[in-house]
Number of protein chains: 2
Amino acid sequence: MQKIHAIIFDLYGTLYDVHSVAHACEDAYPGHGAAIARLWRQTQMDYTWLRSLMERYADFETVTEDALRFTCAKLGLALLPGTARQLSDQYLHLNPHPDMPPALRRLRDAGVPMLIASNGSRRTISQVVSNSGMKWAFDQFVSVDDVEVFKPHRKIYLLAEQRAGHPRENILYVSANGWDASAASLFGFPVCWVNRDGGPLEELGAAPTVVVPDLAAMADWMLALR
Amino acid sequence: MQKIHAIIFDLYGTLYDVHSVAHACEDAYPGHGAAIARLWRQTQMDYTWLRSLMERYADFETVTEDALRFTCAKLGLALLPGTARQLSDQYLHLNPHPDMPPALRRLRDAGVPMLIASNGSRRTISQVVSNSGMKWAFDQFVSVDDVEVFKPHRKIYLLAEQRAGHPRENILYVSANGWDASAASLFGFPVCWVNRDGGPLEELGAAPTVVVPDLAAMADWMLALR
C-alpha cells in the first residue's frame, strides 16, 4: 500500500452513533422507539438512493423528515409537526461513538489531515460536529450538497479526493457502512471498514483494504503504517 | 386525463407475488423462512439501487444470489451452493397474484396493448411469464438489461415509452411498489398504484393518478375510462 497523507471519514454510523436517535423516539412513542428508529434509518437511506437515481436531490434534513413521516404512517402512529421537528433535530445532536474522540486525538497529534465526507448537508455536518465539541479534529467537511447526489455515486468520492489534495491511493477512506466501504474501494481509495457489529461483508464486488472492530483499532493500524 | 393507448406493468410485487419465495426459504431453513425472505428482498432492492449508483450493473439473477448470500451470512445460516441455486430459482417460478390472470384477460379482451417493464433480466422476465402460463397477455417485455441501470433511473421508463410507441401521457404505468409509482409519475406517465397492503404513500414528492387495492380494481377503473 502507498503512503497515507490524509484520512476521509464517513459521518453517520462511523464517527457518530445513529442508534442514539432511538432514545428520543422511545420518549415520544413509548414501546415503539426501536421499531421507529430502525425503519426510519432504512427509509432514510432508501430515499437518498431513490432520489439520487431519480435525479431529484433534496438535502439530508428534508429526506430525514420525509422518511420519518413515512415511518410513522407505516407504523400507524400519529405525527405532530412539533414531534417531527424535535425527532429530526436528533440527527443534529448525535452522540459520537465512545471510541471516536480518543482515536481522532491520537491521529491529530500525529499530524494526519482529517476530513469528513458525508451525505449530510453542509449545515448538518457542521452542527453535528460543533454540538459534540469535535471541531478541532477536522480540516474540512465535504457535503453532498456540492454535488447534489448521495453516496454511493462516485461524484462525492471524487470531490473529497480533490478537496484532500492528494491522489486517491494516498488517502485512507474510513466507513462503518459496508456499502460505502465497497463503493469507496471501487473508486480507488484504500479503505478501512469499521465493522462495528461484526456483520458480513456486503456482496457488492469489492473488498476493503482492512477490517477493524472500532476506531481505536483503526488508529492503531494507521499509526503503525507511518 | 388523456386517452390510454397501452399499459406498462411492473413485474415483481405487482403481477407476481414475491412473498411466495418465503415458503421455499422455510423448507430449506425451518423457522427462518419469513426472516430470510424479508431481508433477502430488502437487500435485493438495496443492491439494485447501490449498483446503479455505483455504475456497476449486474443482472437481476446475479444481484439476487448476491443478496441471498449476504442475507444468510447476516442471519448466521450456512448456505450450500445447491441451496443458493435452488432458492434463487424461486424467483423464476413466482406465483401470479390471484387477481392478475382474470384482470389481464379482461384487458386483453378489450384490446389494450400490455407490456412489462421490469428490473428482471430478459431471461428472468421471459421465464417467470412462461412458467406461469401468462405469455398470451403481453405484447412486449422491457428489461433493464437493455439500459444497464435499474429502476427508478429514468432510462428504463424512457425505453418502455419508446417500445410502447405512444407518448407517455397516453400510457398507464401500473406498479405495486410505491417508489416505482412515484418515479413513473415524475417521469410523466399517468400512474396506477396497486396498494396491496394498504400502506402509506412514499414521501418522494410525487403522487399517483389513482390508487387501487388490486388488479381487479385497476381493470375496472381502466375499462370505465374507455
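Angles under 35 degrees count as roughly parallel, over 145 as roughly antiparallel, 65 to 115 as roughly perpendicular and the rest as oblique. The model is predicted: local features need pLDDT of at least 70, side-chain atom pairs count only at pLDDT 80 or more, and totals for chains, interfaces and linings use all residues. Residues are numbered from 1 along each chain as its sequence is written, chains are lettered from A and ligands numbered from 1 in the order in which they are written, and side-chain values use heavy atoms, with hydrogens and water left out.

**Exercise 1. Describe how α2(B) packs on α3(B).**

Step 1. Find the helices. α2 of chain B spans residues 33-54, and α3 of chain B spans residues 60-74. Helices (H or I, at least four residues) and strands (E, at least two) are DSSP runs, numbered from the N terminus.

Step 2. Take the geometry. The angle is about 130°, and the axes are 8 Å apart. Axes are lines fitted to C-alpha atoms, for helices over the stretch in contact, and angles run from 0 to 180 degrees between N-to-C directions.

Step 3. Classify. α2(B) and α3(B) are therefore oblique to each other.

Step 4. Assign the hand. α2(B) crosses α3(B) in a right-handed way. A crossing is left-handed if the near helix is turned anticlockwise from the far one by less than a right angle, and right-handed if clockwise.

Step 5. List contacts (heavy atoms within 4.5 Å). α2(B) contributes residues including B:Ile36, B:Leu39, B:Trp40 and B:Tyr47. Among those from α3(B) are B:Phe60, B:Val63, B:Leu68 and B:Phe70.

Step 6. Sort by class. The contact has 9 nonpolar, 5 polar and 3 charged residues. Ala, Val, Leu, Ile, Met, Phe, Trp, Tyr, Cys and Pro count as nonpolar, Asp, Glu, Lys and Arg as charged, and the others, Gly among them, as polar.

**Exercise 2. Describe the pair α7(B) and α8(B).**

Step 1. α7 (residues 154-164) and α8 (residues 178-187) of chain B pack at about 65°, with axes 10 Å apart.

Step 2. Their crossing is right-handed.

Step 3. From α7(B), B:Arg154, B:Tyr157, B:Leu158 and B:Glu161 meet B:Asp180, B:Ala183, B:Ala184 and B:Phe187 of α8(B).

Step 4. This contact has 5 nonpolar, no polar and 3 charged residues.

**Exercise 3. Locate the backbone exceptions.**

Step 1. Most residues other than glycine have a negative phi, and most peptide bonds are trans.

Step 2. Check the prolines. The bond from A:Lys151 to A:Pro152 is cis, with omega near 10°. The bond from B:Lys151 to B:Pro152 is cis, with omega near 5°.

Step 3. A:Pro152 lies in the loop between β5 (140-143) and α7 (154-164) of chain A. B:Pro152 lies in the loop between β5 (140-143) and α7 of chain B.

Step 4. Check phi. B:Glu55, in the loop between α2 and α3 of chain B, has a positive phi near 55°.
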